[in-house]
Amino acid sequence: MERFLGALAAYQQSGWRRDLPEMPVIASCGSAVLRDYGGSGRPAVFVPSLINTADVLDLTAERSLLRYLAGRGVRPLLVDWRVPGAAEAALSVGGYVTARLRPLLDGVGETLDLVGYCLGGTMALAAASHPLVRRVATIAAPWDFAGYPAARRQELTAYWQGVAPSLPALGGMPMDLVQPAFWSLDPAGAVAKYERFGALDPASEAARLFVAVEDWANTGAPLTIPAARECFEDFFGANVPIEGGWRVGGEIIGPPVKPTLNIVSRTDRLVPAIAVEPFGETRLIDAGHVGMMVGSNARAQLWQPLADWLTA
């Protein structure tokens with residue numbers, strides 16, 4: 001505990017701040033926008049989770065999947081959900097697919113590939129039938145929620161039942177209430193990562209990366225109440241994607257009929273491999289949920305293989 005608290009204090013006193021400029025907006029729908037990262041290849045629309053910000057795909061100049069792909073024959077376009085406004089208050093996860101993601105895809109105006117990370121991958125599968133979508137790639141995208149330990153699912157359900165009554169007064173589910181739920185999926189990991197950080201040289205690249213990742217993990221817009229309810233009750237509680245009951249825009253979402261690549265980590269504790277449905281082609285990697293995006297092996301394990309697939 002002493003090591004953990006010391007490392008936590010060191011993190012809080014860090015002076016690092018993300019300073020990358022925001023990329024230009026080429027389409028918008030409500031609070032959501034589509035950002036253009038350049039490049040000259042076929043458009044690839046990247047869908048991040050509704051939880052936390054999209055910054056993990058563009059964390060620093062050196063740890064940016066999107067900037068890497070832009071230099072390797074891909075034109076990455078990033079969905080930035082931003083802070084939901086009054087027009088988003090009634091949107092569930094599926095509602096975001098129909099009312100925000102699909103119109104943004106319309107705005108691209110040409111054939112594209114769709115790539116989703118974490119819950120964004122689940123949403124990408126729901127948007128795969130869009131006529132402009134050629135192929136779909138998912139990265140650590142949960143689908144079969146029975147892959148999570150039963151005790152964890154029960155704890156999440158109980159947690160949701162405890163906080164749900166207070167959410168109307170808060171206007172949504174703020175990150176301060178979302179984070180404890182996801183910490184519970186890997187409770188020991190939250191402590192262990194700070195112990196590792198406490199042993200690092202504060203001036204080292206590894207220490208700066210830790211701060212960058214923690215800043216990302218601890219920030220994010222509130223979830224709308226319907227989106228939070230769908231995550232906790234329908235996904236973790238009732239496992240509706242597997243039970244065949246996830247209806248999005250009047251369509252029951254099942255296996256995509258278009259070519260699909262699933263990137264699955266054998267060591268991901270937030271989205272265990274058993275929770276990812278093996279649609280289409282599957283590529284197995286060994287990296288943590290965030291490490292697969294920004295870790296020291298991210299380029300070899302994920303960035304370059306994804307670039308190869310997108311440009312094939």
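Reply: Contact here means heavy atoms within 4.5 Å. The model is predicted, so local features need pLDDT of at least 70 and side-chain atom pairs count only at pLDDT 80 or more, while totals for chains, interfaces and linings use all residues. Residues are numbered from 1 along each chain as its sequence is written, and side-chain values use heavy atoms, with hydrogens and water left out.

Me: Which residues is Asp 286 in contact with, leaving aside its neighbours within four places in sequence?
Reply: Asp 286 sits in the loop between strand E10 (281–285) and helix H12 (291–294). Helices (H or I, at least four residues) and strands (E, at least two) are DSSP runs, numbered from the N terminus. With neighbours within four places in sequence set aside, the contacts of Asp 286 are Ser 265, Arg 266, Thr 267 and Gln 301.

Me: At what distance does the side chain of Asp 286 make a polar contact with the side chain of Arg 266?
Reply: A polar contact is a pair of N or O atoms within 3.5 Å; within protein, one must be able to donate a hydrogen and the other to accept it, and residues adjacent in sequence count only if both atoms are side-chain atoms. For the side chains of Asp 286 and Arg 266, the distance is 2.9 Å.

Me: Is Asp 286 buried, partly exposed or exposed?
Reply: Buried means under 20% relative accessible area, exposed over 50%, and partly exposed in between (1.4 Å probe, protein chains only). Because its relative accessible area is 39%, Asp 286 counts as partly exposed.

Me: How far from the backbone oxygen of Asp 286 is a polar atom of the side chain of Gln 301?
Reply: Gln 301 belongs to helix H13 (residues 298–311) and is one of the buried residues there. Beyond four places in sequence, Gln 301 is in contact with Arg 283, Ile 285, Asp 286 and Ala 287. From the backbone oxygen of Asp 286 to the polar side-chain atom of Gln 301 is 2.8 Å.

Me: What distance does H13 reach from its first C-alpha to its last?
Reply: The expected span of a helix is 1.5 Å times one less than its number of residues. H13 has 14 residues, for which 20 Å is expected; close to that, H13 reaches 18 Å.

Me: Which residue does the side chain of Arg 63 join in a polar contact of 2.9 Å?
Reply: Arg 63 lies in the loop between strand E3 (43–47) and helix H2 (65–70), and counts as buried because its relative accessibility is 15%. Its side chain also reaches the backbone oxygen of Gly 295 at 3.4 Å. The side-chain partner of Arg 63 at 2.9 Å is Glu 205.

Me: What is the phi of Asn 239, about?
Reply: Asn 239 lies in the loop between helix H10 (225–237) and helix H11 (240–243). At 4% relative accessibility, Asn 239 is therefore buried. Although Asn 239 is not a glycine, its phi is positive, at about 50°.

Me: Which side chain does that of Asn 239 join at 3.0 Å?
Reply: Not counting residues up to four places away in sequence, Asn 239 touches Trp 143, Asp 144, Phe 145, Ala 146, Arg 153 and Asp 234. The polar contact of 3.0 Å runs from the side chain of Asn 239 to that of Asp 144.

Me: Why does Arg 82 count as partly exposed?
Reply: Arg 82 is in the loop between E4 and helix H3 (93–108). Its phi is near 55°, a positive value in a residue other than glycine. Arg 82 counts as partly exposed because its relative accessibility is 41%.

Me: How many residues of the lining of the second largest pocket are nonpolar, polar and charged?
Reply: A pocket is an open set of points on a 1 Å grid over the protein atoms alone, where a 1.4 Å probe fits, with protein on both sides within 12 Å along at least five of seven lines; lining residues have an atom within 4 Å of a point. This pocket is lined by 27 residues, with Thr 53, Ala 54, Asp 80, Trp 81 and Arg 82 nearest its centre. Ala, Val, Leu, Ile, Met, Phe, Trp, Tyr, Cys and Pro count as nonpolar, Asp, Glu, Lys and Arg as charged, and the others, Gly among them, as polar. The lining of the second largest pocket divides into 15 nonpolar, 5 polar and 7 charged.
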